[in-house]
Amino acid sequence: MKSTIVKFTAKPEYREAFSTTLKEVQAATRKEAGNKEISVFVSKADANVFFVYERWANKAAITSHDNEPHTKKLMQVGQTALKSAPDFYFLGDTPPLPDHSKSANPEDEVFVIFFIFKLKTEFRPALLKQFEDHITHTRKEEAGNIIFDLYTVDDQEYTLAVYEHWRKESDVWDIHFNQTYAVKTGKLMEEAVIGDLKQYMNFVTEI
């Protein structure tokens, strides 16, 4: 399995058109044999910023996707609609492996986070080890957690990406961050991450 995150920043005047195209591409992508998952999100802070999360059977499936007519259409529309080139993150799984077996309930508000951050070189081994414990415990937070994955980023050794779904926002701030393992991870992150943690946090809504 191989996951990707793509970040798009649209020009304001093309935002709605680009959003519509993304949804069309999502529907077509779901019909591809190699696609296991695709979700489209818009930033809560900036309505012009979109994120796409994809999970694929293998790298060959991604290559095949790149040659599909709907993918080529998106890239063509993007030449006019986007403010800058998309940011592509080709991800590597870390232990424990991604687990998307849980789903939201009808009453859930669903709070989604993309947290893609750069870290100081000397902290990478310790942070990966701590996250392994952190994720194991986090996924047992049955009341609030739906998805919590950590990924490495291909060709960016000192960049990591966290992808999270929660049943509601307060489950993160009021419950999760007060857990012993989360406090420990937070202290290590403050040392390990380059710059302010907040600059890397993207709160999004699925569209």
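How do the axes of α1 and α3 cross, and within what distance do they come? This is a predicted model, in which local features need pLDDT of at least 70 and side-chain atom pairs count only at pLDDT 80 or more, while totals for chains, interfaces and linings use all residues. Residues are numbered from 1 along each chain as its sequence is written, and side-chain values use heavy atoms, with hydrogens and water left out.

**First stop: α1 and α3**

Select α1 (15–29) and α3 (69–81); helices here are DSSP runs of H or I with at least four residues, strands are runs of E with at least two, and both are numbered from the N terminus. The two axes come within 10 Å and cross at roughly 165 degrees, where axes are lines fitted to C-alpha atoms, for helices over the stretch in contact, and angles run from 0 to 180 degrees between N-to-C directions. α1 and α3 are therefore roughly antiparallel to each other, the term for angles over 145 degrees. The crossing of α1 past α3 is left-handed, that is, the near helix is turned anticlockwise from the far one by less than a right angle.

Now show side chains: Phe18, Thr21, Leu22, Glu24, Val25, Ala28 and Thr29 in α1 meet His70, Lys73, Leu74, Val77, Gly78 and Ala81 in α3, contact meaning heavy atoms within 4.5 Å. These contact residues divide into seven nonpolar, four polar and two charged, with Ala, Val, Leu, Ile, Met, Phe, Trp, Tyr, Cys and Pro counted as nonpolar, Asp, Glu, Lys and Arg as charged, and the others, Gly among them, as polar.

**Second stop: the second largest pocket**

A pocket is an open set of points on a 1 Å grid over the protein atoms alone, where a 1.4 Å probe fits, with protein on both sides within 12 Å along at least five of seven lines; lining residues have an atom within 4 Å of a point. This pocket holds about 270 Å³ of space, a volume being the space filled by probe spheres set on points joined across faces, edges and corners. Of its 19 lining residues, Val6, Glu54, His65, Thr71 and Phe88 are the closest to the centre. The lining comprises twelve nonpolar, four polar and three charged residues.

Move to Pro96, which is found in the loop between β4 and β5, and inspect the cis peptide bond that joins Pro95 and Pro96, with omega about -10 degrees. Val110 also has its place in the loop between β4 and β5, and its phi is near 60 degrees, a positive value in a residue other than glycine.

Select α4 (124–138) and α6 (180–192), whose axes come within 10 Å and cross at roughly 155 degrees. α4 and α6 are therefore roughly antiparallel to each other, and α4 passes α6 in a left-handed crossing. Among the contact residues are Phe131 and His134 in α4 and Leu188 and Met189 in α6.

Met189 leads on to the largest pocket, as one of the residues nearest its centre, together with Phe115, Phe177, Gly186 and Met201. About 350 Å³ of space lies in this largest pocket, and α6 gives the most to its lining, with seven residues. Its lining has 14 nonpolar, four polar and three charged residues.

Definitions and conventions:
Angles under 35 degrees count as roughly parallel, over 145 as roughly antiparallel, 65 to 115 as roughly perpendicular and the rest as oblique.
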